[in-house]
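Notebook open, viewer loaded. I'm jotting down what I looked up, entry by entry.

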Amino acid sequence: MALSIAGLVWVGIRDRGIDLELFLDPAAWPLDLAIGLGAALGLAALWEVAHRLVPAAQRLSRELAAAVGPIPVNEALALALLSGIGEELFFRGALQGSIGLWWASAIFALLHTGPGRALRMWTLLAAAAGLGLGALVLWRGNLLAAIVAHAAFNALGLVRLSRLAAALGGGEPGGGASG
C-alpha cells in the first residue's frame with residue numbers, strides 16, 4: 001500500500017496530475033489484459049523449467065516456502081494483487097518514468113534479495129522480471145499489462161509456495177495454519 005501511495009504522489013508531482021492513461025488505454029485494455037496474462041504464464045513456465053533444472057531455484061523455492069508458510073488462497077490472491085499494483089505503480093510508473101528501465105529494474109532486483117545464497121536466485125529472477133515488466137510498459141504505454149503480469153505471476157507463485165510449505169510439513173495449504 002505504501003508503494004502505491006508513494007508511486008501516486010511521485011507521478012502526480014512529476015506529471016502535475018495523474019491521467020487514466022497511466023493505468024490503461026480505454027480502447028486497448030482487453031489486449032493489455034491478455035498480454036499481461038500471457039506474460040505471467042510465460043514467466044511461470046520459465047520459472048518451472050529453471051526449477052526443474054537448476055538446484056539454486058529448488059533451494060529458493062524451499063526457502064521462500066518456509067518464509068511464506070501455508071496461506072489461504074484468498075490471502076495469496078490479495079497479496080499478489082496488492083504487490084502487483086503497488087510495485088508496478090512505484091517501480092514502472094514512477095521510478096522507470098523518472099530514471100529509466102535499466103536503473104528501475106536494478107533497484108527492483110536489489111530490493112528482492114535477502115541473506116543467504118539461495119536468495120540470489122530470487123534477485124536474478126526479479127532483475128529479469130523487472131526488465132520484462134518495464135519493457136511491457138514501454139511497449140504498451142501504460143501499466144495494465146505489467147500489473148496483470150506481476151499480480152498473476154505472484155499469485156501462481158504464492159499458491160505454489162503455500163502448497164510446497166504444506167508438503168514440507170508446514171500444515172494444510174489454504175487452511176489458515178500459522179507457521
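**Entry: Arg-16.** I started in the loop between helix H1 (2–15) and helix H2 (29–53), where Arg-16 sits. Helices here are DSSP runs of H or I with at least four residues, strands are E runs of at least two, and both are numbered from the N terminus. The phi of Arg-16 is near 55 degrees, a positive value in a residue other than glycine. Buried or exposed? Arg-16 is exposed, as its relative accessible area is 78%. My cut-offs are under 20% relative accessible area for buried, over 50% for exposed and partly exposed in between, with a 1.4 Å probe and protein chains only.

**Entry: ground rules.** This is a predicted model, so I note that local features need pLDDT of at least 70 and side-chain atom pairs count only at pLDDT 80 or more, while totals for chains, interfaces and linings use all residues. Residues are numbered from 1 along each chain as its sequence is written, and side-chain values use heavy atoms, with hydrogens and water left out.

**Entry: Leu-24.** I stayed in the loop between H1 and H2, which also holds Leu-24. Leu-24 is partly exposed at a relative accessible area of 23%. I also checked Leu-24 against Ala-149: they are 125 residues apart in sequence and 14 Å apart in space, C-alpha to C-alpha.

**Entry: aromatic pairs.** How many aromatic pairs does a search of the whole structure find? I got three. Rings of Phe, Tyr and Trp (its six-membered ring) pair if their centres lie within 6.5 Å; planes under 30 degrees apart are stacked, over 60 edge-to-face, and the rest tilted. Trp-10 and Phe-90 make an edge-to-face pair, because their ring centres are 5.7 Å apart and their planes are at 75 degrees. That pair links distant parts of the chain, with Trp-10 in helix H1 and Phe-90 in helix H4 (residues 73–99), 80 residues apart. Trp-10 counts as partly exposed at 29% relative accessibility, whereas Phe-90 is buried at 15%.

Next I took Phe-91 and Phe-108, whose centres are 5.0 Å apart with planes at 75 degrees, so this pair is edge-to-face. Phe-91 lies in helix H4 and Phe-108 in helix H5 (residues 101–110), so the pair ties together parts 17 residues apart in sequence. Both Phe-91 and Phe-108 are buried. Ring pairs link Trp-10, Phe-90, Phe-91 and Phe-108 into a cluster.

I made one more check on Phe-90: its C-alpha is 6.2 Å from that of Ser-4, at 86 residues apart in sequence.

**Entry: surface patches.** I found a nonpolar patch on the surface made of Met-1, Ile-5, Val-9 and Ile-13, with about 470 Å² of accessible area together. Patch members have over 30% relative accessible area and no salt bridge; like charges are joined within 9 Å, and nonpolar side chains (Val, Leu, Ile, Met, Phe, Trp, Tyr) within 5 Å. A salt bridge is a side-chain nitrogen of Lys or Arg within 4 Å of a carboxyl oxygen of Asp or Glu. Val-9 belongs to helix H1 and is partly exposed, with a relative accessible area of 46%.

Which residues form the positive surface patch? I listed Arg-59, Arg-62, Arg-117 and Arg-120. Arg-62 sits in helix H3 (residues 55–68) and is partly exposed at 42% relative accessible area.

Definitions and conventions:
Accessible areas come from the Shrake-Rupley method with a 1.4 Å probe; for residues, only the protein chains shown count as cover. Lys and Arg count as positive and Asp and Glu as negative; His and the chain ends are not counted. The place of a charge is taken as NZ of Lys, CZ of Arg, CG of Asp or CD of Glu.
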